[in-house]
Amino acid sequence: MTAALKTPSERTASEDLADVDRVLAGDVQAFEGIVRRWQRPIVNMAWRYCRDRSRAEDLAQEAFLRAWRALAQWRRESSFSTWLFALAANLFRSELKRFPTVTVPLDTAPEPSRPAAQHHAMEMQNSSESVRRAVLALPARYREPVILYYFHEMDLGSAARTMGLPEGTLKARLSRARALLQRRFPHLEAEQAAMGISVLNTGKEA
């Protein structure tokens with residue numbers, strides 16, 4: 001298959017593989033290509049964990065440093081991006097255990113107000129933010145699957161591999177997380193469905 005016929009994901013995978021091979025062969029500057037491709041997704045992923053932009057950037061920098069040190073350990077059984085995201089998720093999980101982000105209990109997260117017709121856009125944003133705060137208040141075993149699958153928009157298989165879980169286990173945790181959120185916000189799903197968005201503002205369903 002020629003480069004012109006490759007999909008964007010295939011081109012990215014090829015570029016990752018080429019850069020990894022160059023780094024392992026001694027061309028340290030080739031790692032800059034990896035950082036350039038994945039810096040924004042990794043920072044965004046870190047922000048979903050901690051909700052602090054400065055801390056997210058620091059966590060992302062540490063993730064790339066660890067990837068650099070462990071590059072030879074990538075076994076190439078999965079894509080480089082899956083390996084990188086799994087490494088980053090493990091780092092973020094460990095760091096947040098050491099220095100937790102301040103959250104409120106799920107039961108105290110504010111219920112989004114019913115939007116007035118003339119303020120739909122603002123109220124939809126406020127509702128989404130309330131749900132995001134509620135997600136951060138979920139127990140960690142449910143919070144991380146929601147972050148990866150809904151907010152980071154991984155597919156089920158990628159999210160499961162990132163967490164090192166069977167797909168069935170991840171799917172069960174997503175289902176439990178949705179149940180917890182819907183119990184806390186009993187009217188939110190119907191209100192957002194009427195506006196064409198899901199309770200988690202993604203339209204995805206595990």
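**Exercise 1.** Leaving aside its neighbours within four places in sequence, which residues is I42 in contact with?

*Solution.* Start with the ground rules: this is a predicted model, where local features need pLDDT of at least 70, side-chain atom pairs count only at pLDDT 80 or more, and totals for chains, interfaces and linings use all residues. Residues are numbered from 1 along each chain as its sequence is written, and side-chain values use heavy atoms, with hydrogens and water left out. Now look for contacts (heavy atoms within 4.5 Å). Beyond those neighbours, I42 touches A60, A63, F64, L84, F85, A88 and F92.

**Exercise 2.** Work out how α2 and α3 cross.

*Solution.* Take the axes first (lines fitted to C-alpha atoms over the stretch in contact, with angles from 0 to 180 degrees between N-to-C directions). The α2 and α3 axes come within 8 Å, crossing at roughly 135°. Angles under 35 degrees count as roughly parallel, over 145 as roughly antiparallel, 65 to 115 as roughly perpendicular and the rest as oblique. So α2 and α3 are oblique to each other. On the α2 side, the contact includes W38, I42 and W47; on the α3 side, A60, F64 and W68 are among the residues involved.

**Exercise 3.** Decide where to be careful with the coordinates.

*Solution.* Check pLDDT (the predictor's confidence in each residue, from 0 to 100). The chain averages 77, and 70% of the residues score at least 70. Over residues 112-124, pLDDT stays under 50.

Note on methods: Helix = DSSP H or I, 4+ residues; strand = E, 2+ residues; numbered from the N terminus.
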